[in-house]
Amino acid sequence: MRFFHRWQTILIGLLTAITFSASGQNVRLSDAAEISLLTCSPSDEEAYTLYGHTAIRVRDPHPASDSMRPIDFVFNYGLFDFSKPHFIYRFARGETDYMLGGNDFEQFLAAYRARGSEVCEQTLALDSAERQRLLDALVENALPENRTYRYNFFFDNCATRPAAMIERAVNGSIAYEERREVETFRDLINGCTRRHPWLTFGCDLVVGAPADRPMHLRESFFIPERLRESFDGAWIITPDGSKRRLVSSTRLLSERTAPEIVPDFFTPLVCSLLLFIVVALLTLIEVRREASFRWLDFLLFFVAGMAGCVLAFLAFFSVHPAMWPNVTLLWLHPLHLIGAVCMAVKRCKRLSYVYHLLTFAALLAAGVGYVIVPQHFNAAFFPLMLTLLMRSGRYLTRRKKIRFE
């Protein structure tokens, strides 16, 4: 996936329009033409590059149109404009618009080589009519009034769009070889972020139980590498019952040269364990001194409440798939903000007691909920939940006459 500023987006649209006519009727491919699927491996440059990228290459050294020069062009569904107003808010809401643009092939390849990505080309075994049908559809889709689409990470992205365009262009249908292992959406996204534990932790927090259901093979195409693997073993089944391989040849255009990531010692699990140990020691000091560290409770539950606001927004107001239901909301929710305020005010002791009683029950229910739903449980959640459980339990069991510090 690539992002471009407004002026770059305009240039991409102009390049597409200049290279191909507005209707596409004058762009006639020759018998020497080839159309291929390009799969670019993930890189660690940005968060959005961790999942890889897919594009379609059209190459024709001798176009049938007299006015056309040799074609070597890439159709790219992964363009977005980061400079648009309220981009972060719209992305969180699931209202991000992506677009189809075009690049000269050499420019496209040079960009991914500079990033250190492996670029794999799978030449498609399409006949002349299928190639022409696919090109016409791509050119039509690249027109200014058609090129923008509403991005959906799981079901409509830079990899699923090329797959759908190719499937519609073939004469017949494409039969894919089913995978033996059962996988979920979370398995695939966590596989892409496995070298970035904090990003995995964040995804596990905000993505709910629907991401843990088994996927159909076709649903796995949102990850470019899975699309490439599925195309490798796919067949085109024609209406008369004959079949041929979807991919006629495969070659690497660029080797992966991305540097190795240095492991981070302070992973979410390590940090959450350290937090638990520190809070446990402070609680022990508090018990021995027969005191109440209200500042500690305020800080912990205020942060938990702020995190809960983000989760609640994504669960109830975002149109991103798989955000609801989310068991994590049982223990990380906006109501912690109210609890934090109650603990900061001495006159709210009774209300604080009720809050901690409900919080203690909700934390226990969350532990059961992860098993019943079921939803993936990140190991770093456990120390965090124990920390909140310990502080709520401390409030419920401490003596009535205490000093406040």
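## The Arg179–Glu229 salt bridge

In this predicted model, arginine 179 pairs up with glutamate 229 in a salt bridge whose closest N and O atoms sit 2.9 Å apart. The two ends come from distant parts of the chain, 50 residues apart: arginine 179 is in the loop between β8 (173-175) and α6 (185-192), while glutamate 229 belongs to helix α8. Glutamate 229 has a relative accessible area of 30%, so it goes down as partly exposed. Arginine 179 also comes out at 30% and is likewise partly exposed.

## The network around it

Arginine 179 has another partner too: glutamate 183, with the closest N and O atoms 3.5 Å apart. Is glutamate 183 buried or exposed? At 14% relative accessibility it falls under the 20% cut-off, so it counts as buried. Through shared partners, salt bridges tie Arg179, Glu181, Glu183, Arg226 and Glu229 into one network.

## Another pair: Asp97 and Arg90

Side chains of opposite charge can pair when their charged atoms come close. Over at aspartate 97, the salt-bridge partner is arginine 90, and here the closest N and O atoms are 3.9 Å apart. That value still makes the list because the rule asks for a distance within 4 Å. Aspartate 97 is partly exposed at 23% relative accessible area, and arginine 90 is partly exposed as well, at 30%. Counted by this rule, the model has 24 salt bridges.

Glutamate 219 sits in the loop that runs between α7 (197-206) and α8 (224-232). Its relative accessibility is 17%, so glutamate 219 is classed as buried.

What does glutamate 219 touch, once residues up to four places away in sequence are set aside? The list is Phe154, Phe155, Phe185, Arg213 and Pro214.

## Pro383 in helix α13

Proline 383 is part of helix α13, which covers residues 381-397. With a relative accessible area of 4%, proline 383 is buried.

Ignore the neighbours within four places in sequence, and the contacts of proline 383 are Leu269, Ser272, Leu273 and Phe276. Take leucine 269 from that set: it is 114 residues from proline 383 along the sequence, yet their C-alpha atoms are 7.9 Å apart in space.

Terms used:
Residues numbered from 1 in each chain as written. Predicted model: local features only at pLDDT ≥ 70, side-chain atom pairs only at ≥ 80, totals over all residues. Heavy atoms only, no water. Helix = DSSP H or I, 4+ residues; strand = E, 2+ residues; numbered from the N terminus. Buried < 20%, exposed > 50% of the residue type's maximum accessible area, 1.4 Å probe, protein only. Contact = heavy atoms within 4.5 Å. Salt bridge = Lys/Arg side-chain N within 4 Å of Asp/Glu carboxyl O.
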